[in-house]
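These are my notebook entries on a structure opened today. I set down what I looked up, entry by entry.

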Amino acid sequence: MISPGAVDQVFVTLKDWIVFHTPAPLQTLVSIVIEVATIIVVFAALFALATVFERKGLGRMQNRYGPNRVGPFGVFQPIADAVKSLTKEDVVPRAADHVVHYLAPLVLVGVVFLTYAVLPVGRNMTAVNLDAGVLYFFAVGAATELAIFMAGWSSHNKYSLLGAMRAIAQMVSYEIPLILSSVAVIMIAGTLSTVKIVELQARYSNGLAHWYVFTPWGLAGFILFMIAATAETNRSPFDLPEGESEIISGYFIEYSGFKFALFFLAEYLEMFAVSGLGITLFLGGWSSPVSFLAWIPSWLWFFGKLLALLFAFIWVRGTVPRLRMDQLMNFAWKFMLPMTLVTILSAGIWHFLTVAVVGPKPLGGVIRWLVCALVIFVPYITLARVLERGRRIEKRVYRFAE
Amino acid sequence: MDLEPIAGPGELLEVSMGPHHPSTHGVFRMDVRLDGERVVRLKPVFGYLHRNHEKIAEKGAYLAAIPYTDRLDYLCSMTNNWGYVLAVEKLAGIQVPERAEYIRVIVAELTRFQNHAGLVGFLLQDMGASGTPLMYAFREREKVLDLFESLSGARMMCNYMRFGGVRVDCSAEWLDEVRQLVGVLPRFLDEFENLLRANEILMARTQGTGVLPRELAINAGVTGPMLRASGVNYDIRKVDKYGIYDRFKFGVPLGEHGDVYDRYMMRILEMRESVKILEQALRDIPAGPVIDPKVRLRGLRPKVGEAYGRIESPKGELGFFLISDGSGNPYRYRVRPPCMINLTILEDMCLGENIADTVIILGSVDIVLGEVDR
C-alpha cells in the first residue's frame, strides 16, 4: 500500500534518488539541471495543453467545435502547430533592427521562465526558496516589459510601435496594483518567502484552511490581483497591446515562424506564472481547502487551481469586449490603486483585531470579519459613486415613429 | 529602400490602415494621422474594388443587370434586386402581382434581419469581443441563408427578383419554414441583448463615441439606420410606401445622440420590427401568380424616359436611376449607394477620437465595399 505522503513526494524522492547516485562534485549541478529541465518541460507541456484547452473552450462558447482534426478531440493540435511554426519562413523586415528583433522573443521567454524559480508547485517542490521570493518574482517579471518594447521598437512598424507604447503604459500602470494587492498578504504573513506564505495557509481550524482568500481583505485583494494580472498578461478585456481589430497584433506583428510561437509561449507562460503567484498568495498554494481532502497530492492541487484560473481567463475572453486605452488607464489609477490601498488598511485592522479586542471565537471571529469587510466595502461604494458621477453612461429608451 | 524615420519627438504619426487591415471590412483604406492615439486627420480611400458596375449594366439588356446588382452589397442581394427592378418597373410601367409583392417583403425583411445580425456581430468583434457575439449572430444568419438557398438556389447571390414579380414561386413548405424561423427569432434577439446590451464595457466604449449631429447627417445625405440614430425620422418604407409597405404596422426606432451606441441599438430594434413585418406578411400572403406573364423579360424595351427607383435597403437609401433611349439596354444606369454616401462623413465622426474608436465607428457605419466601389 502506497501512502498518500509517498505519492505527494514522489517527484522529490525521485530527484533525491538521482542526485544521490551522481558523483559528489556534480551533485549541485545535476540538482539544478533537473529542476530547471522539469520546470521548462512541465510548463511548456502545460502551454501546449492550454492552447487546445483555450481553443476548445472558446469554440464551445461560440457555438463551434474548435480544433478536432488532429488526434482524438484535437489534442495533438499543438504538435501540428509547432511543426508548422518551425517550418515557416522566418521573415525579418528589411528596416528592422536585426539584433534587437532577434533578441526580443528570447529575452521575453527567458525572463518569464525565471519567475518560475520561486513558485511552490507542491510540498517541498520549489526550485529556489528565496527569502525575498515575492520581491524576486515582481522584479524579474517587470523585465518582460523591456522585451515587449524591444520587439515593438525593433520591428520598425507603426502598428508594433503603437502596440509597444500601449504595452508599456498598461503594464507599468498595472504593476502597481498588482504589487500593492499582494502587500496585504506579505504584511499578514510577515514574510516575502513564497514557501513560507503557503505553509502559513496550509493550517486548518475546524477543517477549513487558513487561505487568505477567506478573509475580507484577502478576497478583495485576490479579485484586484487577478484583474491586474489579466492586464499584466495582456489578456482580454485588457488585450490592447495586441488589439487584433485595431492594431492587428501589436508588438509582434512583424514576427513569423518560431519567433512568433515564442511570443505566444511567453504570453501563456506569463499567465501561468502570475496565476501561480495568485494561487500562492491567496489560494493557499498547494494546500487543500478542507482538511479531509488533504490526502490528494499537493502538486495536483496546485495544477488544479491553475487550470481553474486558466478557465476563468478563457471565460472572460469569450465574453467581454475590449476596453479603450484611456478607460484602461483611468481604471488602473482611479479605481485599482485606491482599492488596493484600502485592502492594505483592512489587513492592518485585521492584524490588530485579536481575540483580546473582539472577544473569543466564534462571535469574535465574525465581528472581526465584518469590521474588516466594512472597511473595504464602504470605500468601494464611495469610490464607485464618485467615479460614476463623472460619466454619462446609461441604459437608453428609444422612441418609435409610426 | 529607404524608409523615413517613424516619427520624431512631437511629430504626428501617419498610419495607413488598410487596405488589408482586419477591421476595414474589405479593401478599404484609412489614412490616419495620429497624435499619440488621438486622430487628428482621417482620409477614407476607396476604389480598390472598382469593377465598372454601371458601365457593364449599360452595355447589357435590362434583365442582364439583375445578377450584377447581387454583387453590389453582397450581403443583401435581395434588396439590391428589388431596388433595381423597382426602377425598371417605374420606367416601363409594369404591375406586380399581389403574391409577388408579399414574397418581396418577406425576403427583404429576412435580408434586413440577417444583415443587421451580421453587422452587430462584426461591430462587437471590432470592439474586441473575440468572436462570441459574431458566432451567435452568424448562427441566425445561416438559418436565413438556408431559406434563401432553398428558395432561389443561391445563398448570397440570389438573383431572385424580376421586373413584374419574382423568378419562382415559393412553396407552402418554404413558407412554413419561414414561419418557424420567425417564431424563434425573438428568442435569439433576447439572448443577444442579454449577452451585451447592458454590458458596462460596451456602453463605456460606444456611448458618446463617434457622434454624428443631426444637421451634419442631413447635409451629408446620410440615410438608413445611421440617419435615424441621429434622430431624423426618415425611412423610405414609410416615406415612399413602395411595394405594399403601407399595409403593415411597424415602428421606426429613432435615436437621440447619434453615437455608436445609438447606431448599434437601431440595428437591434430594427430587427425586432422586421420580425413584426414578417409575422404580418406571412399571415396575409395570398395565393396567385408571382410574375406578370405579359412582361417581356428578355426583350424589354421601355419607352424613352427616365425613372428613379429607391428602397430602404438595410444600409440606407438604395436608389437606381435609369434613362431609357428606347433601346434594349439602359442609356444611363446609376446607383445611389447608401454605403458610400454614409462613409463620406467618416472623418467628421472620427476627429478627436481614439484610434481604437475609428475601428468601431467604421464598423457602425455598416459598409460593404462591393457597394462603395462598384
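Is B:Arg237 buried or exposed? I looked up its accessibility, bearing in mind that the model is predicted. B:Arg237 is buried, at a relative accessible area of 3%.

**Entry 1: surroundings of B:Arg237**

I placed B:Arg237 in helix 10 of chain B, which spans residues 236-239. Setting aside neighbours within four places in sequence, I listed its contacts as B:Glu109, B:Arg112, B:Tyr242, B:Tyr245, B:Phe250, B:Ile277 and B:Glu312. I then turned to the charged groups. B:Arg237 belongs to a network of salt bridges that also links B:Glu109, B:Arg112, B:Arg228, B:Asp235, B:Glu270 and B:Glu312.

**Entry 2: other salt bridges**

I found a total of 43 salt bridges over all chains. I examined two further pairs within chain B.

B:Asp240 forms a salt bridge with B:Arg310, with 2.9 Å between the closest N and O atoms. This pair links distant parts of the chain, 70 residues apart: B:Asp240 is in the loop between helix 10 and strand 6 (252-254), and B:Arg310 is in strand 7 (residues 305-313). I noted B:Asp240 as partly exposed at 31% relative accessibility, and B:Arg310 as buried at 18%.

B:Glu54 and B:Arg332 meet through their side chains in a salt bridge of 3.8 Å, N to O. Here 278 residues separate the partners, B:Glu54 being in helix 1 (residues 53-59) and B:Arg332 in strand 9 (residues 332-336) of chain B. B:Glu54 counts as buried at 14% relative accessibility, whereas B:Arg332 is partly exposed at 31%.

**Entry 3: the contact between the chains**

How many salt bridges are there between chain A and chain B? I counted one. In it the side chains of B:Asp357 and A:Arg324 meet at 3.0 Å, N to O. B:Asp357 lies in helix 14 (residues 355-365) of chain B and A:Arg324 in the loop between helix 13 (298-317) and helix 14 (325-352) of chain A, so the pair joins two chains. I recorded both partners as buried: B:Asp357 has a relative accessible area of 0%, and A:Arg324 has one of 12%.

For the contact as a whole, I read 43 residues from chain A and 64 residues from chain B. The area buried between the two chains is about 4,400 Å², and carbon and sulfur atoms give 56% of this.

**Entry 4: a three-stranded sheet in chain B**

I next looked up an open sheet of three strands in chain B, with the order 1-2-3 and antiparallel pairing. Strand 1 (13-17) and strand 3 (38-45) stand at the edges with a single partner strand each, so one side of each has no neighbour in the sheet. Neighbouring strands are turned by 20° against each other on average, direction ignored. Helix 8 (residues 158-189) of chain A packs on this sheet and touches strand 1 and strand 2 of chain B; its direction makes about 115° with that of strand 1.

Five bridges join strand 1 to strand 2, where B:Ser16 stands opposite B:Asp31. Strand 2 (residues 29-35) pairs with strand 3 over seven bridges, and B:Asp35 stands opposite B:Arg38. These two strands form a hairpin with two residues between them, and B:Gly36 in the turn has a positive phi of about 70°. Five of the seven residues of strand 2 are buried, so this strand is largely enclosed by the rest of the structure.

**Entry 5: nonpolar cores**

I found 124 residues in the largest nonpolar core; B:Trp82 is one of those with the most contacts inside it. Another core lies apart from it and has 94 residues, including A:Phe43 and A:Trp217.

Conventions
Residues numbered from 1 in each chain as written. Chains lettered and ligands numbered in written order. Predicted model: local features only at pLDDT ≥ 70, side-chain atom pairs only at ≥ 80, totals over all residues. Heavy atoms only, no water. Pairing = 2+ DSSP bridges. Helix = DSSP H or I, 4+ residues; strand = E, 2+ residues; numbered from the N terminus. Axes fitted to C-alpha atoms, helices over the stretch in contact; angles between N-to-C directions. Contact = heavy atoms within 4.5 Å. Core = buried A, V, L, I, M, F, W, Y, C linked by side-chain atoms within 4.5 Å. Buried < 20%, exposed > 50% of the residue type's maximum accessible area, 1.4 Å probe, protein only. Buried area = accessible area lost by both parts, 1.4 Å probe. Salt bridge = Lys/Arg side-chain N within 4 Å of Asp/Glu carboxyl O.
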